[in-house]
Amino acid sequence: MFQAPFSSEGRIRRTEYALSYLAYMVFVFCAEMLASIMDSVTIALILYIPALWFMFVQGAKRCHDRGNSGWYQLIPFYQLVMLFGDSDEYGNEYGPNPKTGNAGMQDMKEKIMEESASSINVGEHIKEVVT
């Protein structure tokens, strides 16, 4: 959990996204308190830039976990989908499922092989029926 938190590559689960959001809110609250005590807007802005970047890349990773581009987080109310929506069951173009790791990729390969084998069997059965 929290591996490369400032990188937008990869996928994260709902738990990590929710904890990231909670950490962001605590950090922003502390930054606001510090800025009001020191009566300085500059300090608040300096602290907000990395915090906003952190939250943006964590949101992008959560979008990746759902199989979407990171830009989806700009859709109104999509944060609720990211908090409560389930992820892609298997690996996708953004990486393996963080819950199952590479085992999920193996499951996906097996599922594809089963589906292709069953479609081949259906094709052979149709040929038998026609002839």
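1. Let's start with burial: of the 131 residues in the protein, 28% are buried, where buried means under 20% relative accessible area, exposed over 50%, and partly exposed in between (1.4 Å probe, protein chains only). The protein exposes about 9000 Å², with 66% of that supplied by carbon and sulfur atoms; accessible areas come from the Shrake-Rupley method with a 1.4 Å probe, and for residues only the protein chains shown count as cover.

2. A word on what you're looking at: this is a predicted model, where local features need pLDDT of at least 70 and side-chain atom pairs count only at pLDDT 80 or more, while totals for chains, interfaces and linings use all residues. Residues are numbered from 1 along each chain as its sequence is written, and side-chain values use heavy atoms, leaving out hydrogens and water.

3. The fold has four helices and zero strands, running α-α-α-α from the N terminus. Helices here are DSSP runs of H or I with at least four residues, strands are E runs of at least two, and numbering goes from the N terminus.

4. On to charge pairs: the model has three salt bridges, each being a side-chain nitrogen of Lys or Arg within 4 Å of a carboxyl oxygen of Asp or Glu. Take R11 and D65, whose closest N and O atoms are 2.8 Å apart. R11 sits in the segment before α1 (14–38) and D65 in helix α2 (residues 41–65), so this pair ties together parts 54 residues apart in sequence. Both R11 and D65 are buried.

5. D65 also forms a salt bridge with R62, at 2.5 Å between the closest N and O atoms. R62 and D65 share helix α2, three residues apart, or about one turn of the helix. R62 is buried, as is D65. Put together, R11, R62 and D65 are linked in a network of salt bridges.

6. R14 and D86 make a salt bridge too, at 3.6 Å from N to O. R14 is in helix α1 and D86 in the loop between α3 (78–84) and α4 (102–130), so the pair links distant parts of the chain, 72 residues apart. R14 is partly exposed, at 31% relative accessible area.

7. Finally, the largest nonpolar core has 13 residues, of which Y17, Y24, Y48 and M82 touch the most other members. Such a core is a set of buried Ala, Val, Leu, Ile, Met, Phe, Trp, Tyr and Cys residues joined through side-chain atoms within 4.5 Å. Helices α1, α2 and α3 each supply at least two of its residues.
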